[in-house]
Amino acid sequence: MEAHYHRVTTLKAHFFEKYSDGNGGVSAESGTVYFSKPGRMRWEYESPEQKLFIVDGANVWFYIPADRTVSRAKIGVSSDWRTPLAFLTGKTDFGRLCRGLQIVDAANAEGNNPVDHGISSDDTLLRCSLRASSDTPDQQMSGVLLEADSEDRLIRVVIRQPGKLETEFRFGGWEENLPIPETKFHFVVPPGVAVVDESTLAGALH
């Protein structure tokens, strides 16, 4: 999977995101995501509410039009949970991200959590034990599950945090090496919108 994404420079996909708060509460969102090397992302949330999350290579921006406020943080101090997806933008590799990486045998997965079973029997499940670093101080994540299809395309990421918090992304309709305008990865503050500098955006998105 890592080799597959090293061969591409831009990516586009549809995504579905589900967040579980550990107490039975669940929320879901969906939209379109773009990736571009080096180190840029754009998440366009379309349902149930419009939101915009941009990593432009230097800053992380999070904008909710209905709030008329945008949060901004330097990449070095943002501990956002999208870090496990950084390999899609060429910013890291599994060896730097994970201190351990295991193939999960879904047939013998412990417990009955459906998250630990692949979407398809042809898929490959990988469990990543995150490696702490000075740039991403532990990310407040307890583990990451990655799922790839038979063509080595990423189709699911599950990020687990202490307190049984869980964020699951599903991806579909991947398009590779397509022309994406540079403006997609730059945020221009709309008139009348306040900019709030944040030391971290973790948790602000939920």
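## A buried arginine and its partners

Arg 156 is buried, with a relative accessible area of 1%; buried here means under 20% relative accessible area, exposed means over 50%, and partly exposed lies in between, using a 1.4 Å probe and protein chains only. The structure is a predicted model, so local features need pLDDT of at least 70, side-chain atom pairs count only at pLDDT 80 or more, and totals for chains, interfaces and linings use all residues. Residues are numbered from 1 along each chain as its sequence is written, and side-chain values use heavy atoms, with hydrogens and water left out.

Which residue meets Arg 156 in a salt bridge? The partner is Glu 147, at 2.6 Å from N to O. A salt bridge is a side-chain nitrogen of Lys or Arg within 4 Å of a carboxyl oxygen of Asp or Glu. Glu 147 is buried too, with a relative accessible area of 0%. Together with Glu 168 and Arg 170, these two residues are linked in a network of salt bridges. Side chains of opposite charge can pair when their charged atoms come close. Searching the whole structure gives 11 salt bridges.

## Glu 44 and its two bridges

Now let us turn to Glu 44. This residue forms a salt bridge with Arg 42, where the closest N and O atoms are 2.6 Å apart. Arg 42 counts as buried at 14% relative accessibility, and Glu 44 counts as buried at 16%.

Glu 44 also meets Lys 184 in a salt bridge, at 3.0 Å from N to O. Glu 44 lies in strand S3 (residues 40-47), while Lys 184 is in the loop between strand S11 (165-176) and strand S12 (194-197), so the pair ties together parts that are 140 residues apart in sequence. Strands (E, at least two residues) and helices (H or I, at least four) are DSSP runs, numbered from the N terminus. Lys 184 is partly exposed, at 22% relative accessible area.

Is S3 mostly covered or uncovered? S3 is mostly covered, with six of its eight residues buried. Two strands pair if DSSP finds at least two bridges between them. Strand S2 (residues 26-36) runs antiparallel to S3, and seven bridges join them. Across this pairing, Gly 31 stands opposite Tyr 45 in S3. S2 and S3 form a hairpin with three residues between them, and Gly 39 in the turn has a positive phi of about 70°.

S3 also pairs with strand S4 (residues 51-55), in the antiparallel sense and over five bridges. Here Trp 43 stands opposite Phe 53 in S4. S3 and S4 form a hairpin with three residues between them.
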